[in-house]
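Below are some notes on the model, for reading alongside the coordinates.

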Amino acid sequence: MRRRDVLVVGGIVAVAVAIPPILRRIPADFEFEPLPGFAGFRRITGGSISGGIDPFFGLDVQGSTNVAPSPERAASPCVALFGPEGWQPDVVPIAIFSDFNCPYCKVLEQRLMERRDAGAPVRLIWHEMPLLGAASLRSAQAVLAARFLDAEEAARAYLSQRFLRPGPAALQTMADALDLPPDAFTEEVSGPRVARALATSMDLGRRLGIPGTPGTMVGRTLVIGAINDADLTKLIEIERSQPQTVCA
């Protein structure tokens, strides 16, 4: 082999080794393995990373991590993951664990929303995992507050294009843009419902073993990190076509 070819091959290998496992593409031929602690659920082999520090260690969520998840959500993985609607026939629920400052999260969410809006048999459920600092936490609290005021998707669109500055003025501006009552919105941001929703998602992410965002539960299959369009389409079809009993 010529020296130039050796350098090229060596560079490719070096890049492949340097890419964290969480960002490596999931293979097209899925290899499923059981998801510990979640009977009937599974994960894709090689989709997660091992070792490293606990991503939740030291995370300050202004006390919300000390709020216990609601008992019914802690007891039922399906309710915790997919909400009270659970898993309806012929519609694949997809739970998205996301951070507003995670670049790939935005790519994945856009792909999923485009599929849903085009009529794909999916239902999207978001779980906030603000692992990337105070700015992520502010956005997570704001979008959850909007959820309780029936404006979640509008809030997601708003926050996906903007940096939410600290302080009440930014919340006032957001409330005005979404036509929400400012006082009610501000109260929800710092209120117990938002704290409990955030605690529930953080606790669930921890129990699932999600080390970072995005983490996506497609039906009964947990995928951590990147998944390309073709594999995403294939996985949705697998989950739709295989009988499910985990949420019966």
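**Notes on the predicted model**

1. α4 (103-117) and α6 (152-159) each supply at least two residues of the lining of the second largest pocket. Helices (H or I, at least four residues) and strands (E, at least two) are DSSP runs, numbered from the N terminus. A pocket, on a 1 Å grid over the protein atoms alone, is an open set of points where a 1.4 Å probe fits, with protein on both sides within 12 Å along at least five of seven lines; lining residues have an atom within 4 Å of a point.

2. This is a predicted model: local features need pLDDT of at least 70, side-chain atom pairs count only at pLDDT 80 or more, and totals for chains, interfaces and linings use all residues. Residues are numbered from 1 along each chain as its sequence is written, and side-chain values use heavy atoms, with hydrogens and water left out.

3. The lining of the second largest pocket consists of 14 residues, and E109, M113, R156, A157 and S160 lie nearest the centre. α4 gives the largest share, 5 residues.

4. The chain has 10 helices and 6 strands. Of its 248 residues, 45% are buried (under 20% relative accessible area; exposed is over 50%, partly exposed in between; 1.4 Å probe, protein chains only). Contacts are heavy atoms within 4.5 Å; among those between residues at least 6 apart in sequence, 70% join residues at least 24 apart.

5. Is L222 buried or exposed? L222, in strand β6 (residues 221-224), is buried, with a relative accessible area of 3%. Leaving aside residues up to four places away in sequence, L222 touches L35, R42, R43, I44, L208, I210, T216 and M217. E33 is 189 residues from L222 in sequence, yet the two are 9.9 Å apart in space, C-alpha to C-alpha.

6. In helix α7 (residues 168-177), the buried residues include A170, L171, M174 and A175. These cover an arc of only 135° around the axis, so they are on the same side of α7; the arc is that of the directions from the helix axis to the C-beta atoms. An α-helix has 3.6 residues a turn, so residues three or four places apart point the same way.

7. The buried residues of α7 pack against α5 (134-147), α6 and α8 (182-189). A169 and A177, on the other side of α7, are exposed. Just after α7, D179 takes a positive phi of about 60°.
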